[in-house]
Amino acid sequence: MNDTVRQFRDFFVSLRLTVVLLALSMILVFAATLDQVNLGIWAVQEKYFHSLFVLWRIPGTAIPLPVFPGGYLIGGFLLVNLVAAHVYRFKLTWRKSGIFLTHAGLILLLVGELLSGLWQEEFQLQLREGETKTYAESYRYNELAIIDTTDPQFDDVVVIPETLLADSTPIQHPKLPFRVVTKEYYPNAALRLRAGTGENPSLATAGIGPQITATPLPLTYKQDERNWPAAFVELAGPEGSLGIWLVSPQLQAPQTFDYGGRTWRIGMRPQRAYKPFSLTLLKTTHDVYLGTDIPKNFASRLRLTTPDGRDDREVLIYMNNPLRYAGLTFYQYQMDGEHAMSVLQVVRNPSWRLPYISCAMITLGLIVQFCIHLSGFIGKRRASAAYPPARP
Amino acid sequence: MRHRHALLPLVLLTLLTACREAKVESYRVPKEKPEELPPAMAAGASAPAVPGGADMAGTAVPTADGSDLTWTAPAHWKAKPAAAMRKGSFTVPGENGAEADLSITAFPGDVGGELANLNRWRGQIQLAPLSDGDLPGATTRIEQHGLTFVVVDFVNTDAAGPRRILGAIVPYNNATWFFKLSGPAALVAKEKPAFLAFLQTISAPAPSAP
């Protein structure tokens, strides 16, 4: 083994690294907690924990500088450190089995957090009584949907995530006979009807856009608020521009146009996740305590149907009684009894069991280690009682 | 070479974090109706009658984020197909074919603030903008049903056809709602009591989140 490799190994198995990483993680958690006031919980999670580095933008520029290790980096190094120390330093013996189990639980906890960060998805499903949906919608992310609605049976949909729109790079997709070019993008904007004369002309040339003014707003990071993006999007065919459309999730009216002998619909909407089954809201129940507005029970009775007919049944979702189906968990989230509308939270987290398993392993490991020490201690006491030291 | 095993998680970690890149996707779905528009925005929608035989028309629409303000409009106001962006829209008929327009819109945030929005309305009837100091004199604040209404009455009598705007701004649920009656000055003046009565019917639903 040459010196470089040895140094590398010594670095990753050292206890000093563990201490430094734990100290860094404490600083990270402290800074993130303080920054939650400015950014809110979602942005803080992304910036501090679901990243390799905490980035800081040089004021006045878009250049990001890494200023501190992020959660993934610290967690990743901790994981490597822990595994490396075990592989290199510890020997599996019965007397240390508790310590091993505890550390294995800790490793599983770190891996579980990483997988949750990477795989967990949260969507919502908003239904009115009688309405059927085959998709859930994102709380925070949006997408530009360009839909070929010509076929009377099907819609051919091309979706462009908001992050790609923000890039302003022209997008050409094989299913679209035109390029999509973002002329202007506002991550948060207020829309209002144009007052008439005296305002600068709109960038939009087609659809509803020319009648509307989009004013950029500062991003909001509050947990109970959301950003409403808006973009001016140009569609350009081989013979030139087809027009510039204003798109925003706030614009509910569909904007359609004809091109190449086909009919298209364009709009920005909350990001959708289509499912291989459909849910129909049959009935909402919204009980309150008598004489008050305090909610007592929210329940949604739904019909769950798969296209192949394997499932066609009624399900009841109410508080603390979610529906688990196809790797998804549907929780009763909000209810508007007056308008017979129910909102379900749809969560996919394949690794949701890992924190429970790891905590159980850590607890069991500590108990085992304690018992091993206790039995050793009792054994020693018995031995010394059986053979008391000779008195002078 | 046991250290190589130890490096594996780091490589995996880097690879895993790199695989969340957004990309353009395409798929085919069974025909969907476009999102249902709120009742007042649907073409040709007429406001449904209130159960119980009241002679007022009731309309309720969702705000941008799904929760509602509700109101009841006077029976002689005619619900009309609203332009996009409107939460509600009514034609207020007057004598000799005169018409005023009642619009209800809602936008997230404070939409630039009270002063900017009031000055926007003033600009629409060719009135000079107000300054911050003019606000208290030009506005009336009404508290009802847990909502704060900033009510204004702007009139331009200098123009050839005098115009008037009766408006109310209501912050609600992290959005700002605008109720605006605009039209010929005489008609809007005549409708002022009906407009103020209409404002009194506006309310927020009881909170229902668990």
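Buried means under 20% relative accessible area, exposed over 50%, and partly exposed in between, with a 1.4 Å probe and protein chains only. This is a predicted model, in which local features need pLDDT of at least 70, side-chain atom pairs count only at pLDDT 80 or more, and totals for chains, interfaces and linings use all residues. Residues are numbered from 1 along each chain as its sequence is written, chains are lettered from A and ligands numbered from 1 in the order in which they are written, and side-chain values use heavy atoms, leaving out hydrogens and water.

**View 1. A salt bridge between Lys31(B) and Asp155(A).** The two side chains meet at 2.9 Å, N to O; a salt bridge here is a side-chain nitrogen of Lys or Arg within 4 Å of a carboxyl oxygen of Asp or Glu. Lys31(B) sits in the loop between strand S1 (25–30) and strand S2 (57–62) of chain B, while Asp155(A) is in strand S5 (residues 154–161) of chain A, so the pair joins two chains. Strands (E, at least two residues) and helices (H or I, at least four) are DSSP runs, numbered from the N terminus. Asp155(A) is buried, at 1% relative accessibility, whereas Lys31(B) is partly exposed, at 35%.

**View 2. Arg269(A) paired with Glu143(A).** Here the closest N and O atoms of the salt bridge are 3.0 Å apart. Arg269(A) belongs to strand S13 (residues 262–288) and Glu143(A) to strand S4 (residues 132–148), both of chain A, so this pair ties together parts 126 residues apart in sequence. Both residues are buried.

**View 3. An open sheet in chain A.** Its 4 strands run in the order S6-S7-S10-S11, with antiparallel pairing. At the edges are S6 (171–172) and S11 (240–247), each pairing on one side only. Two strands pair if DSSP finds at least two bridges between them; 7 bridges join S10 (residues 230–237) to S11(A). Look for Phe232(A), which stands opposite Leu246(A) in S11(A).

**View 4. Phe49(A) and its surroundings.** Phe49(A) lies in helix H2 (residues 15–49) of chain A and is partly exposed, at 26% relative accessibility. Setting aside neighbours within four places in sequence, its contacts (heavy atoms within 4.5 Å) include Leu28(A), Val44(A) and Tyr72(A). Gly117(A) is 68 residues away from Phe49(A) in sequence and 8.7 Å away in space, C-alpha to C-alpha. Gly117(A) is one of the buried residues of H4(A).
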